[in-house]
Amino acid sequence: LFFNCHFDASTVSAVMGFGDSLVDIVGHTIVNDATSIDRHVCFFIDDGVLFASNADGTTQTKTDISSGITLTNWNSFRISYTAAGNILFYVNGVLKATHSTNQPTGSTNFRPVFGVETRTGTNREMHIGIVAPFYQKST
């Protein structure tokens, strides 16, 4: 998955990626905090802190990758799987995290997930430029 976006405030909470068991995404299961164990592969933003995150339905792996990222600027995000079974999280072309544990497995009906909320009582906006889901088979 590749996409670029920016936010209207640096204190935003949001989710961007893929998930499968998230019935009510915005403001409920997944956006409220970055502690979801629902099966997902996502970028979370929790009160302005950017995380790379994935979970297998029981346990989450999460890494703070916010260093050097200004959320109010346009940023490009990419999630890739490797043949070795790692999930790679890139921001602006820079590898920010590699996860090899707690990956979603089994029958998965992943859907794109983009959601934003605020906890300050003020509306927040996520501006999305390009979204490019892609699949490339390893040879």
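Is F77 buried or exposed? I looked this up and found that F77 counts as buried, at 1% relative accessibility, where buried means under 20% relative accessible area, exposed over 50% and partly exposed in between, with a 1.4 Å probe and protein chains only.

I noted that this is a predicted model, in which local features need pLDDT of at least 70 and side-chain atom pairs count only at pLDDT 80 or more, while totals for chains, interfaces and linings use all residues. Residues are numbered from 1 along each chain as its sequence is written, and side-chain values use heavy atoms, with hydrogens and water left out.

Next I turned to the aromatic rings, where Phe, Tyr and Trp (its six-membered ring) pair if their centres lie within 6.5 Å, with planes under 30 degrees apart counted as stacked, over 60 as edge-to-face and the rest as tilted. By this rule I have 2 aromatic pairs. The ring centres of F43 and F77 are 5.0 Å apart and their planes stand at 65°, so I list this pair as edge-to-face. F43 belongs to strand β3 and F77 to strand β6, 34 residues apart; strands are DSSP runs of E, at least two residues, numbered from the N terminus.

For F43 and F89 I found centres 5.5 Å apart and planes at 85°, so this pair is edge-to-face. F89 lies in strand β7, so its pairing with F43 in β3 ties together parts 46 residues apart in sequence. Both F43 and F89 are buried, each with a relative accessible area of 0%. I therefore recorded F43, F77 and F89 as one aromatic cluster.

Note on methods: Helix = DSSP H or I, 4+ residues; strand = E, 2+ residues; numbered from the N terminus.
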